[in-house]
Amino acid sequence: MISRHPFSVVLVALSVVLLAPACKKSQTADSAASGATVSGNVIKIGEVGSMTGSEATFGISTHNGIMLAVKQLNAAGGIAGKKVEVVSLDDQGKPEEAAVAMNKLINQDKVIAILGEVASSRSLAMAPIAQTHKIPMISPSSTNPKVTEQGDYIFRVCFIDPFQGTVMAKFAWESLKAKKVAILRDVKNDYSVGLADYFAETFKKLGGEIVIDQSYSAGDMDFKSQLTAIRSKNPEAIFVPGYYTEVGLISIQAKGLGLTAPLLGGDGWDSPKLTEIGGDSINGSYFANHYSTEDNSPEVQKFIKEYKEMFGVVPDGLAAMGYDAALVLFDAMKRSPQLTTPQIRDAIAATQKFKAVTGLISMDAKRNPVKSAVVLKIEKKSFKYQTTINPT
Amino acid sequence: MTELIQHLINGLSLGSIYALIALGYTMVFGILQLINFAHGDVYMLGAFIGMYFARVTGAAENPSVFNLLATLLVAMVGCALAGFLIERFAYRPLRRAPRINVLITAVGVSLFLEFAGQLGFGSDPKFFPQVYQPTVDWSMGDIKINPLQVIVFAISIVLMAGLQFLIFKTRTGRAMRAASFNHDLASLMGIPTDRVISLTFMAGSALAGAAGVLVGMIYPKIEPLMGVMPGLKAFVSAVLGGIGNITGAVVGAITLGLAEEFLVGYWAPTFRDALAFGLLILILLFKPTGLFGVHKSEKV
């Protein structure tokens, strides 16, 4: 049939163009399932992140952190004389796109390791794919425990939700002396639900009371009804473990309703957009994070200086996590002689007391690092260091 | 008791925002029998036009009523222009095509605006500059009222009355009503139907632009996909009130706003969106003409 429509001609042309490299690739494809190896002088690793979408600052910061680590590594000669190249794909902040990106990285780009994602919901979509193809994956900052439970090829370099929830519960009880706390969680978000659950558990164990547990869905813009319900219970603090996208609006509406209790949160708050949107309303709130820029250790200050030189801004916590994830991966690669994927996996699992920007990283049996968290206070658009809470 | 009154105020304020968007939906439907799915995205455009205007002119630095009005005006004119272009290039060529084609085109225009917006404005959330800072406080003890909420409510009522006047008391309105009955016959009577339809689109889009700015003032986080959910909610409001009916759109929107507020405040916060669409299904099943709609037999 001869097509009359100009569109179908375009479509045919497009599919030819798109399929051509895929066919070529599949002819030379070696056994991905049994562990890919490196050929040539370049080591390809993959990165999946939310470079666009409403949580774009997460993906961009992480990406910058990774690029700084790669630049430093290649300047110092790479790994066994081979340069590292990162193939970065954008998932637009959607779990389904993250899965698509994973398949492309593994099957088309033939990467031997993957860095990503920030959000737990997206890492959970990616992890089973990495596990099936036996490609090591390191999530820089997905804190939901389920992420690394997907299989023995999945790692992370950040602390996990039980710890983050515990940190804020301890902080509310011990430092803020709060007895009655309200929770406002994002039910659409695995991360937020996890944090809220662990916070409630620890806070009750310490002797505190959760006076009300309200929820919203990511993307909502009106929280006044939940906040009005919370206000009627007079809490001394409100735990809002969501992302910065909604927390800014929540803080404005809370102040508008006359709520003066401080808001508490987790590392999902870590973005300059939080204070831009929240303005004065967010002042006096606290959140748990991976590191503080006020930390005077030489590793941290060196990282901040070099990051600033490369990107012109002060790195946020997620940039530091991206940088650390890349460092841990490169360290493991240097310790694997043939650079096969099972070797890299074993080397990552064997990481002990690795000095990273966000603290010492030692992988435990569940492929989670054991490390401390800091609590930051928001004051006039900046994040002030309050305290460090260590794992027990 | 204070809690109940606070919920009532919150619900009215939310409802009046839906009303502003629903008015444009219902207007276009009234004339063209077209559900303009791109309407929610025109509202998004309005918010961004307002934001860029306020940034460029520095209106954010010295908030005043004048700056608010100027920002509103610019956003309304910008959106009216966008509405004109959308109608001229996306819908007018399909005037003689089956209605379903136009509907699909509307979905296409909506997606186009959403993704062009992500490309042009960037997809990360932006802060909407506060071009007006209320100086008065109308709170009564624990019952907090933001003057902006009252302004939005008043504006939606005034616009509703204005539209009612435009459609039922002016020559243009009579032309619009004539065109809505029968395009061909109206044009035979010397009514420039194309111009009337353009005008309807521009008026509807200007309303959406105003809504974009006002919402930006109350919820200062704007992003290219911000129009999707409010657009759908406004559509539900319009159907609830009887699509094509001006008063119905406002009543439907306020009903929906109050229903959402009380549902979230007293019962199940996660059912907020389910409520709107559940309501839509119920209305379509049991009273497809909506609360204020008149039954009209129609070929589809």
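How many residues does helix α3 of chain A have, and how far does the helix reach from its first C-alpha to its last? In this predicted model, local features need pLDDT of at least 70 and side-chain atom pairs count only at pLDDT 80 or more, whereas totals for chains, interfaces and linings use all residues. Residues are numbered from 1 along each chain as its sequence is written, chains are lettered from A and ligands numbered from 1 in the order in which they are written, and side-chain values use heavy atoms, with hydrogens and water left out.

Helix α3 of chain A (residues 95–107) has 13 residues and reaches 18 Å between its first and last C-alpha, close to the 18 Å expected at 1.5 Å a residue, the expected span being 1.5 Å times one less than the number of residues. Helices (H or I, at least four residues) and strands (E, at least two) are DSSP runs, numbered from the N terminus. Within α3(A), the residues A98(A), A99(A), A101(A), M102(A), L105(A) and I106(A) are buried (under 20% relative accessible area, with exposed meaning over 50% and partly exposed in between, for a 1.4 Å probe and protein chains only). Seen down the axis of α3(A), these buried residues fall within an arc of 160°, so they line one face of the helix; the arc is that of the directions from the helix axis to the C-beta atoms. They pack against β1 (42–49), β2 (83–90), β3 (114–115), α4 (120–133) and β4 (137–139) of chain A, where contact means heavy atoms within 4.5 Å.

Helix α6 of chain A (residues 190–206) has 17 residues and reaches 24 Å from first to last C-alpha, close to the expected 24 Å. Its buried residues include Y191(A), L195(A), F199(A) and F203(A), and the elements covering the buried residues of α6(A) include α4, α5 (161–175), β6 (180–186) and β7 (209–216) of chain A. Chain A as a whole comes to 12 helices and 14 strands, and buried residues make up 57% of its 392 residues. Among contacts in chain A between residues at least 6 apart in sequence, 67% join residues at least 24 apart.

In chain B, P63(B) is placed in the loop between α2 (39–57) and α3 (65–91) and, at 33% relative accessibility, counts as partly exposed. P63(B) and P129(B) are 66 residues apart in sequence and 9.2 Å apart in space, C-alpha to C-alpha. Leaving aside residues up to four places away in sequence, P63(B) touches Q130(B), V131(B), Y132(B) and Q133(B).
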